[in-house]
Amino acid sequence: MTSLALSGRVAVVTGVSRRRGIGFAVARRLAAMGAELYITHWVPHDEAQPWGADDIDLVRQQLSAAPRIVDRSVDFADPAAPHQVIDEAVAEFGHVDILVANHARSGGDGSLFEVDAAMLDGHWAVDARSVLLLTQAFARQYRPDRGAVTDRGRVIWMTSGQHLGPMRTEVAYASAKSVLAGMTATIAAELIERGIVLNTVNPGPVDTGYLSADTADRDLSVLEEVSAAFPRGRVGQPEDAARLISWLISDDGHWVVGQVISSEGGFRRFG
């Protein structure tokens, strides 16, 4: 998108640590739309995953279309981190208009018979608690009277389709993400009175590296099996999710409120 529809607005986008990730794709589209960016990343998490970490300098460089960009390393397992992020973003830019809570914890999970309290608490802290606290901090600083349009505040949460079918061996992750899907209508009802529109996006299976054939030790048959579940014969790409999210953030999306939107390209679930 080349239109500067978000010129003058500031977006906080979390989980922007890898150029193959959804967070990066979202940040790139918002930058092209004229938004200033405050992005967060947590490289230690990526380093522990099969797909590995990315070069943060290159991530930042490839977002140079943004009028201004600030990036910070943030561990959202820290209960103080959400408010610190918003406070610092406001200190840097004066205000924040958009929050895209894209970060998540991967790994350290299991089936019902494998999870323990540490697994559940770890995913809850990052995947649900931090998102709620980020949203709280964002809403407290938001001032809708800066322009003629008073409903330009935007919050996007991310969920994972756990309400549409089973996610075997991911009980901790899926249960934490269920909190966001389940609370979308409630929080949206509170925020709309402040001029803030909240929606939650389920992007379906998206290849952010974990499905790619070139990932270390990845069985090509897994990629083929997942791809076959899509009518178009390919898995989702980060840009697929970014297109929807950028539209919801734009003024054109202001009449969509409190929805959990599944954008999965017709993905077929088989139990």
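**Close-ups of helix packing**

**View 1. Helices α1 and α8 pack at an angle of about 45°, with their axes 8 Å apart.** Axes here are lines fitted to C-alpha atoms over the stretch in contact, and angles run from 0 to 180 degrees between N-to-C directions. On the α1 side, the contact (heavy atoms within 4.5 Å) is made by I22, A25, V26, R28, R29 and L30. From α8 come P238, E239, A241, A242, R243, I245, S246 and I249. These residues divide into nine nonpolar, one polar and four charged.

This is a predicted model, where local features need pLDDT of at least 70 and side-chain atom pairs count only at pLDDT 80 or more, while totals for chains, interfaces and linings use all residues. Residues are numbered from 1 along each chain as its sequence is written, and side-chain values use heavy atoms, leaving out hydrogens and water.

**View 2. A look at α8 itself, residues 238–249.** Its buried residues (under 20% relative accessible area, 1.4 Å probe, protein chains only) are P238, A241, A242, L244, I245, S246, L248 and I249. They pack against α1 (22–32), β4 (98–101), β5 (153–158), β6 (196–202) and β7 (260–262).

**View 3. Helix α5 (117–141) packs with helix α6 (171–192) at about 20°, axes 8 Å apart.** That makes α5 roughly parallel to α6. Among the α5 residues that meet α6 are M119, W124 and V131; the α6 residues include Y173, V179 and L191. The contact residues divide into 14 nonpolar, three polar and one charged.

Notes: Helix = DSSP H or I, 4+ residues; strand = E, 2+ residues; numbered from the N terminus. Expected span 1.5 Å × (residues − 1). Buried < 20%, exposed > 50% of the residue type's maximum accessible area, 1.4 Å probe, protein only. Nonpolar A, V, L, I, M, F, W, Y, C, P; charged D, E, K, R; others polar. Parallel < 35°, antiparallel > 145°, perpendicular 65-115°, else oblique.
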